[in-house]
Amino acid sequence: MLTATVTLDPAFVVGPVRPRTFGTFVEHLGRCVYTGIYEPEHATADEDGFRTDVLDLTRELEVTTVRYPGGNFVSGYRWEDGVGPREARPVRLDLAWHSSEPNWVGVDEFVRWCRKAGVEPMMAVNLGTRGVQEALDLLEYCNVTGGTYLSDLRRANGAEEPHGIRMWCLGNEMDGPWQIGHKTAEEYARLATETARAMRMIDPTIELVACGSSSSEMTTFGAWEHTVLSEAYEQVDYVSAHVYYNGADGDLASFLASAVNMDRFIASVAATADAVRAAGKHEKRIHISFDEWNVWYIDRMRSEVPTGEDWPVAPILCEDTYTVADAVVVGNCLISLLRHADRVHAASLAQLVNVIAPIMTEPGGRSWRQTTFHPFALTAHHARGEVLRLAISSPLLPTAKYGDVPALDAVATHDAATGEVAIFVVNRSPDEELLLDSDLRAFPGLRVIEAVTLHSPDHTWAATADDATSVVPQANTSALLADGRLGAALPPISWSMIRLKPTETIPVVPNRGGRAL
Ligand code: AHR
């Protein structure tokens, strides 16, 4: 069996585990909102019409933040349509997804849902068809306590307390020609800068995300970030990054190595931001909000985006079914995001329910966990304390897209309060088992408290409503620690988590709310 060695040391710290790494995304797209989070007729619906089965799964997923309301949708959205009495709300054309938007859910309902789910709302403003004034209006409606027209309107609509939304995205994918109100880098840079400057006049505590490129494949990637940040540097806190991977071309080895691309993407965006910082003699650093990432079989929309006279409400769109291999890639992307905890301060798995999502629902029926649910939930639950920089020596895996890449990839976290060490590791080889040999001598007195592996001899297995549990993470009984060395057999195409704790621990109850943002 091939061996990969991984050395851990508590002194080699990347940065704190950022809770916002475990964000997701709810867009008015397909069935994400309607029959996803909201379905008043559903048997589990609560008094606000939210599906409590989905709320339960969202809590189990340990989602921390949810970006809303888009995505491409936001670039044609009028937020005012979604507030006030439901019977008076207009039905609008959603040009992004050729659908009808009934506005049964708007900002007040979304924030109420967030409170129930225990997640932080992250709001996007429309910089496609709208501009500074409408962004200011939405911010006033959400964050001003009262005594002004829009804050009092919120109160009249039933939200006495301000929504207190801290993170705001300045538009969505404005470099994309598909985007309603698509802009050149110069046009967007001016608009984003002035919107940000004015928004901070209302609420200086907000954190602002400038749109980066909609993918690193865009011809303008790099130049776009440079132009936007050169203008907006002092006004924003983050630049966004978006990426979707899939293995539709049949090149499994490259697909399994997708996180190599994510690593390079993050490094490129950070380098561009730092180049602007140096040239502009700025003090602060711009961080990355990786606010759309996932596996997405974009050519298999499941149903076509409607056309012509057909403008349905909540059509079936982008309802991808995820395999075990897809879950390994998702788990590996989380490893990459954590590894870059010094630069990636927020991220959103796109999306949460039904639309390229870890949670699926039937209208009026069941809900279930996709394969991708498991690595996300376990990482979100157990990554605590500080992210460690690992020394990894792995056999190489030849790939057509990325050259020779390490077959094993891993990250670890160390919670100084509890002494717990969690190792998240993938074997990206399509056919070779790997032996993990981990040097833990810098952590004396540990014992393995949990070792689980997500794997199936059939890596194409996918969960359905009828069978969502045949393949879930199983105990990995090969994980053994002796003389400071941890050994574990990692099957091909697998994601694993190994948790260790000192034999004598001071019982400290982990406090999620107490972690640094
Ligand atoms: O997440 C689906 C879509 O992907 C979003 O609407 C858009 O921002 C991206 O292109």
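How many nonpolar, polar and charged residues does the shell around the ligand have? In this predicted model, the shell has five nonpolar, four polar and three charged residues. The close-up views below present the ligand and a salt bridge.

**Figure 1. The surroundings of the ligand.** The ligand sits in the largest pocket. The residues that surround the ligand are Phe25, Glu27, Gly71, Asn72, Trp97, Asn172, Glu173, Tyr244, Glu292, Trp296, Gln351 and Ile356.

Figure 2. In the side chain of Glu27, an N or O atom is 2.6 Å from an oxygen atom of the ligand. Asn72 takes part through its backbone, where a polar atom is 2.9 Å from an oxygen atom of the ligand. For Gln351, a polar atom of the side chain lies 3.0 Å from a ligand oxygen atom. On its own, the ligand has 280 Å² of accessible area, of which the protein covers 95%.

**Figure 3. The salt bridge of Arg31 and Glu319.** The count of salt bridges in the model comes to 39. One of these joins the side chains of Arg31 and Glu319, with a distance of 2.8 Å from N to O. Arg31 belongs to the loop between strand 3 (23-25) and helix 1 (52-61), while Glu319 belongs to the loop between strand 11 (287-295) and helix 9 (324-339), so the pair ties together parts that lie 288 residues apart in sequence.

Key: Residues numbered from 1 in each chain as written. Predicted model: local features only at pLDDT ≥ 70, side-chain atom pairs only at ≥ 80, totals over all residues. Heavy atoms only, no water. Near = heavy atom within 4 Å. Polar contact = N/O pair within 3.5 Å; in protein donor to acceptor, adjacent residues only side chain to side chain. Areas by Shrake-Rupley, 256 points an atom, 1.4 Å probe, with all protein chains shown as cover. 1 Å grid on protein atoms, 1.4 Å probe; cavity = no way out; pocket = protein on both sides within 12 Å on 5 of 7 lines; lining within 4 Å. Sits in = over half its atoms within 2 Å of the grid points. Nonpolar A, V, L, I, M, F, W, Y, C, P; charged D, E, K, R; others polar. Salt bridge = Lys/Arg side-chain N within 4 Å of Asp/Glu carboxyl O. Helix = DSSP H or I, 4+ residues; strand = E, 2+ residues; numbered from the N terminus.
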